[in-house]
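Me: I am new to this structure and would like to learn how to read its features. May we go through them one at a time?

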Amino acid sequence: MSPTRRCSRTACGRPAVATLTYVYADQTAVLGPLATYAEPHAYDLCEAHSERLSAPRGWEVLRLAPDPAAHGPSSDDLLALADAVREAGRPAPPPRVAPAEETGRETARRGHLRVLTSD
């Protein structure tokens, strides 16, 4: 199997450069840059088929221009990586104590909240 994705059109073996998705509720076909992962309800198209794309009558074709800065990591990618590192370095929460093992005495209750006093 080739690591590059191929055009979804029948009998076309060219490499895919764009991804086509349909928004049925809005009657819109969205053609954008090649998605990171192959999705079961999206179609990968080669350059020739993406240029000649037409939609059913009454539908709108929305063409998203590829981002020139998308060739490297974006600021979103870097922020997601930083968040993942922060999450991994965060200390584990303290273990929960079962209500029967609590050291305090319940003095009042409001809904699901309890007021405890230390003995």
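Me: Which residue in strand 4 does Ala29 stand opposite?

Reply: Two strands pair if DSSP finds at least two bridges between them. Here, Ala29 stands opposite Val61 in strand 4. Strand 4 pairs with strand 2 (residues 28–33) in the parallel sense, over four bridges. Please note that this is a predicted model, in which local features need pLDDT of at least 70, side-chain atom pairs count only at pLDDT 80 or more, and totals for chains, interfaces and linings use all residues. Residues are numbered from 1 along each chain as its sequence is written, and side-chain values use heavy atoms, leaving out hydrogens and water.

Me: In what order do the four strands of the open sheet lie?

Reply: The order is 3-1-2-4, with mixed pairing. Strand 3 (43–45) and strand 4 (60–63) are the edge strands, each pairing on one side only. From one strand to the next, the twist averages 25°; axes are lines fitted to C-alpha atoms, for helices over the stretch in contact, and angles run from 0 to 180 degrees between N-to-C directions.

Me: How many helices and strands are there in the protein chain?

Reply: Helices (H or I, at least four residues) and strands (E, at least two) are DSSP runs, numbered from the N terminus. The protein chain has two helices and six strands, running β-β-β-α-β-α-β-β from the N terminus on.

Me: What percentage of the residues of the protein chain count as buried?

Reply: Buried means under 20% relative accessible area, exposed over 50%, and partly exposed in between (1.4 Å probe, protein chains only). Of the 119 residues of the protein chain, 15% are buried.
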